[in-house]
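Please consider the structure shown here.

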Amino acid sequence: QVQLVESGGGLVQAGGSLKLSCAASKYTFNLYTMGWFRQPPGKEREFVARITSSNTYYAESVKGRFTISRGNAKNTVYLQMNSLKPEDTAVYYCAARRSGVYTAPIEFDYWGQGIQVTVSS
């Protein structure tokens, strides 16, 4: 079982930056595909970014502004969010699966509790 805990959310003005962190409990965490998803108010959960052992992949809406990375300890994943826009406002979720290159929420087995990111105009 993998437990995920997000941190780093909050309120920021448009054009600003935030860095989200996701701490995982499992020591073989680096074997997992990790993803960030978000759920805007009144909308469905959507893919944001994914990192495997060898590459990263982003939704078109965040490409060039957001960066997903792993920490040196390998049990933490980050989402650096720059040039934030009001439409980035959402609850952000960290997710994990054993392996593979998926973007659909249903393909991920483990989820964090979610953290609010609000971007004011």
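Reader: In which strand is Gly35 found?
Author: The model is predicted, so local features need pLDDT of at least 70, side-chain atom pairs count only at pLDDT 80 or more, and totals for chains, interfaces and linings use all residues. Residues are numbered from 1 along each chain as its sequence is written, and side-chain values use heavy atoms, with hydrogens and water left out. Strands are DSSP runs (E, at least two residues) numbered from the N terminus. Gly35 lies in strand β4.

Reader: Is Gly35 buried or exposed?
Author: Buried means under 20% relative accessible area and exposed over 50%, with partly exposed in between (1.4 Å probe, protein chains only). Gly35 has a relative accessible area of 1%, so the residue is buried.

Reader: How far apart in space are Gly35 and Cys94, C-alpha to C-alpha?
Author: Contact means heavy atoms within 4.5 Å. Leaving aside neighbours within four places in sequence, Gly35 is in contact with residues including Tyr93, Cys94 and Ala95. Gly35 and Cys94 are 59 residues apart in sequence, and their C-alpha separation in space is 5.9 Å.

Reader: Why is β3 largely enclosed by the rest of the structure?
Author: Strand β3 pairs with β1 (residues 4-7) in the antiparallel sense over four bridges, where pairing requires at least two DSSP bridges between two strands. Six bridges also join β3 to β8, again antiparallel. The strand is largely enclosed because its buried residues number five of the seven.

Reader: Which residue in β8 is the bridge partner of Cys22?
Author: Cys22 in β3 stands opposite Glu6. In β8, the bridge partner of Cys22 is Val77.
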